Amino acid sequence: MLLIHCPWCGPRDEIEFKYGGEAHITRPTEPDALSDTEWADYLFMRTNAKGLHRERWVHSAGCRRWFNVARDTVTNEIFASYKMGEKPPVEGGS
Amino acid sequence: MPLTLLKYGLRCSYPSRPFLPDEREAKSTYDVVVIGGGGHGLAIAYYLAQDHGIRDVAVIERGYLGGGNTARNTAIIRANYLTPEGVAFYRESMELWRDLSNVLDINLMYSERGHLTLAHTDAAIRTMRWRAEVNKHLGVESEFVGLDDLATLCPELNLSRSVRFPILAALYHPTGATARHDAVAWGYARAAANRGVHILQETEVTGIVREGGRVIAVETNRGRIGCGRAVQAVAGTSVQVGAMAGLRLPIQPYPLQACVSVPVKPVLDPIVVSGSLHVYIWQSQRGELVMGGATDPYPLHGTRATLDFKESLTMHILELFPFLAEARLMRQWAGVTDMTADFAPIMGLTPLANYFVDAGWGTWGFKATPVAGKRMAECIATGRQPDILKPFHLERFRDFRLLGEKGAASVGH
């Protein structure tokens, strides 16, 4: 079981959280200007990192706020939790 | 095959001959290189040699034969899917399964037990009625059954109303089956090797060499192997291998855990699945109860097992079969599944002229082993996407022609 550090509530068990997919994927500001390939990329393509992965989590059984986590997808090591809108504190990975 | 055992019994020396021919030295180049020596890759190699006369083939495998998700799946075979494209595809697989023991001359222990998918909600009932109609229309035996029929089909099942999620009805698929998954890989491997295919184990692909929109060689830990064509069938690492060829695949890695109980006397004939309770269970010929549940809730490239999974699984199993309370678990494992956005696989041509992909097999790959092998071999031999594979083309994502199969998934997601 992961011990996830919620930026507002502190370290809590994984069961209180829900995973919300890869972080830092911005919705295109002008969807009409996108080709089908670009729109499909936005919808379906994710990095599938083998190693450092930045992802969204929500503290669904706690404060119900969204935040980001930098986690290793091979070892499950969590490097950092940070608030939405903050710059990722961990460099590297994909 | 029926006389094989008798002949073997009358021999003076045991074993009479090695199962697989000795591994040969890798050649410097092959017509077709198959990346991945699991069921799918070996089946592709077999059908290339058998159906299309293409024998200059190498299967390269990082570990040992069938040691990946071929060994880790829970060996359920069925065709009661939701989309017409999916049902037609898996129906062809069922037809191949029925004769496969004879074709490969190996006992696959293929056994049609019947397959029950339980409904606990009105929404599930709606999907099951829908599936039954699609299935029947396409010639797959599939019936929506009520509680009376269910009590006859599986008397062991707890149909009480005083549980947290009472069973309301079920989808019954009489031809649902199981087979011995290791033997499938071994059978295809031997049949392919007997037809001249080279099988190179402990050979890991480290790079794919391209030139002008074509693949010309694969780099391995045993050196460079030239190829006229190449195909990848590497469940769990499809994205990483595809990236070596410059491909981007819409796949995420989610571990799926499973476990078996200690062997017990025969207590359960059909395969029982509950998507709502995240449970499936059947009893193997060895007496072990094979159980699986939901994929893990977040991506991971690892095969660790967790206590939460077993707590949730056993809680729901006991709701369905309270008499299993004393059964002990014997073994547990996990496999990394390639989940696509629409819960359907990705097969066939790629933007590279001579590179083919067999990926995105999520939690539904084992049952498709024969048909995926046969049709991928056809695709590679002819250079065209066979009609039955057209809906599974990689470009369906770009074209927004997804194949929503989530409603037919046995595994909770």
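A salt bridge, as I use the term today, is a side-chain nitrogen of Lys or Arg within 4 Å of a carboxyl oxygen of Asp or Glu. With that rule, B:R248 forms a salt bridge with A:D41, the closest N and O atoms being 2.9 Å apart, and the rule finds 1 salt bridge across the interface of chain A and chain B.

Before I go on, a word on the model. It is a predicted model, in which local features need pLDDT of at least 70 and side-chain atom pairs count only at pLDDT 80 or more, while totals for chains, interfaces and linings use all residues. Residues are numbered from 1 along each chain as its sequence is written, chains are lettered from A and ligands numbered from 1 in the order in which they are written, and side-chain values use heavy atoms, with hydrogens and water left out.

Let me stay with the interface. The contact, meaning heavy atoms within 4.5 Å, takes 22 residues from chain A and 22 residues from chain B. The two chains bury about 2,000 Å² between them, with 58% of it on carbon and sulfur atoms; buried area here is the accessible area, taken with a 1.4 Å probe, that two parts lose on being put together, summed over both. Of the area that chain A buries against chain B, 34% is supplied by A:F44, A:M45 and A:N48, which is more than any other three residues give.

Between chain A and chain B, 7 residue pairs are in polar contact, both residues being at pLDDT 80 or more. A polar contact is a pair of N or O atoms within 3.5 Å; within protein, one must be able to donate a hydrogen and the other to accept it, and residues adjacent in sequence count only if both atoms are side-chain atoms. Helix α1 (residues 36-44) of chain A contributes 7 residues, the largest share of the side of chain A that touches chain B.

What does chain A look like in outline? Chain A has 1 helix and 6 strands, in the order β-β-β-α-β-β-β from the N terminus on; helices (H or I, at least four residues) and strands (E, at least two) are DSSP runs, numbered from the N terminus. Within chain A, the side chains of A:E55 and A:R71 meet in a salt bridge (2.6 Å, N to O). A:E55 lies in strand β4 (residues 52-58) and A:R71 in strand β5 (residues 66-72) of chain A, so the pair ties together parts that are 16 residues apart in sequence.

Turning to chain B, 8 strands form an open sheet with mixed pairing, in the order β6-β7-β5-β14-β15-β16-β13-β17, where two strands pair if DSSP finds at least two bridges between them. At the edges stand β6 (143-145) and β17 (329-340) of chain B, each with a single partner strand, so one side of each is left without a neighbour in the sheet. The strand β6(B) runs antiparallel to β7 (residues 169-173) of chain B, joined by 3 bridges, and B:F144 has B:L171 as its bridge partner in β7(B).

Leaving aside neighbours within four places in sequence, B:R375 is in contact with B:E92, B:P386, B:I388 and B:L389.
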